[in-house]
Amino acid sequence: MPSSDQQLRELQRAFDATLDLALLDPLLEGYRRVGLMPPARVLVRRPRWRPLAEFVETFYEEPLSEESGCSEAEIQATEQRLGVRLPCALREWYFLVGHRLRDVGQDVPTSLSQLRVEDDAVTVWIENQGVWSVSVSANGTQEDPAVRVDEDFASMGPLSEALRGLLLSDTLTGASQGQGLGPLGALAPAVTGGWHESIADWEGARARYPARAEPPIPTFAGHPYRGNREVVLRAEDGGTFLLWAAATEPARQELLPYLVGPLS
């Protein structure tokens, strides 16, 4: 941060001391004005990233931190290599989680070093058998552009929402396989998951676990994630549950009767 921008320094100190969200927009604007990325502790309080930070804090062993993401210098070097300026939301994604992204044997998130420009777009996630991919315009003038999904699949909306939905999908995979890993690293020790062909009480589950805001991955378009802070479900209408994950033992115990009937 330039030493001459005393006002921005004072605003950052005030935000750190109070976490007053009324200061968030002026603070973000201050960083934009000087051409710097806000610290991760500021970005995670943006409305589009708050759900991400909450999910990682609940389901992963390590919450998001300054070390989780790529540096501004790494992002700028990638932009120089590609000859583009990445959209704001994509820059923020790598700044928040870029050093933690990994392949868990299902669909694959694109690391910063793997980014390539093709047809004026960069691909951010690829289905493990190449059935679909999710990309976004490489035009850096857009704040949070809509993603591009292969033509056989429905859109996933804005980039930040699509990335959260893709993260949920691979986290569910990691939890259900019992490997204790998701695309952002080790899952919290209490996280459990599983796969069921059907559900004992579909209507009860629908009433107990509302649809989540994150869009489903292209393969399951039209079948929203359901759950709450400690439970994530991916189901088909009619009661076919494909994957579930619970962050705590009480959450698992509350979910289990809907899946297999009353506990003995």
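The largest pocket of this predicted model holds about 420 Å³ of space. A pocket here is an open set of points on a 1 Å grid over the protein atoms alone, where a 1.4 Å probe fits, with protein on both sides within 12 Å along at least five of seven lines. Local features need pLDDT of at least 70 and side-chain atom pairs pLDDT 80 or more, while totals for chains, interfaces and linings use all residues. Residues are numbered from 1 along each chain as its sequence is written, and side-chain values use heavy atoms, without hydrogens and water.

**Largest pocket**
- The lining (residues with an atom within 4 Å of a point) has 22 residues, and Arg32, Arg46, Cys88, Glu92 and Glu143 lie nearest the centre.
- Helix 2 (24-34) and helix 6 (88-97) each supply at least two lining residues; helix 2 gives the largest share, 5 residues. Helices are DSSP runs of H or I with at least four residues, and strands are runs of E with at least two.
- By class, this lining has 9 nonpolar, 4 polar and 9 charged residues.

**Second largest pocket**
- The second largest pocket has a volume of about 310 Å³, and of its 15 lining residues Arg116, Glu118, Thr123, Ile126 and Ser133 are the closest to the centre.
- Strand 1 (108-109), strand 3 (121-126) and strand 4 (133-137) each supply at least two residues of this lining, with strand 3 giving the most, 3 residues.
- The lining divides into 5 nonpolar, 5 polar and 5 charged residues.

- Leu52 is in contact (heavy atoms within 4.5 Å) with Leu64, Trp93, Leu96, Val97, Arg164 and Leu167, not counting residues up to four places away in sequence.

**Aromatic pairs**
- The whole structure has 5 aromatic pairs, defined by ring centres within 6.5 Å.
- Phe55 and Phe59 form a stacked pair (planes under 30 degrees apart), at 4.8 Å centre to centre and 25° between the planes.
- Phe55 and Phe59 are separated by about one helical turn because they are 4 residues apart in helix 4 (residues 50-59).
- Phe55, at 5% relative accessibility, counts as buried, as does Phe59 at 1%; buried means under 20% relative accessible area with a 1.4 Å probe, protein chains only.
- Ring pairs also link Trp49, Trp93 and Trp125 into a cluster.

Note on methods: Points joined across faces, edges and corners; volume = space filled by probe spheres on them. Nonpolar A, V, L, I, M, F, W, Y, C, P; charged D, E, K, R; others polar. Phe/Tyr/Trp six-rings, centres within 6.5 Å; stacked < 30°, edge-to-face > 60°. Buried < 20%, exposed > 50% of the residue type's maximum accessible area, 1.4 Å probe, protein only.
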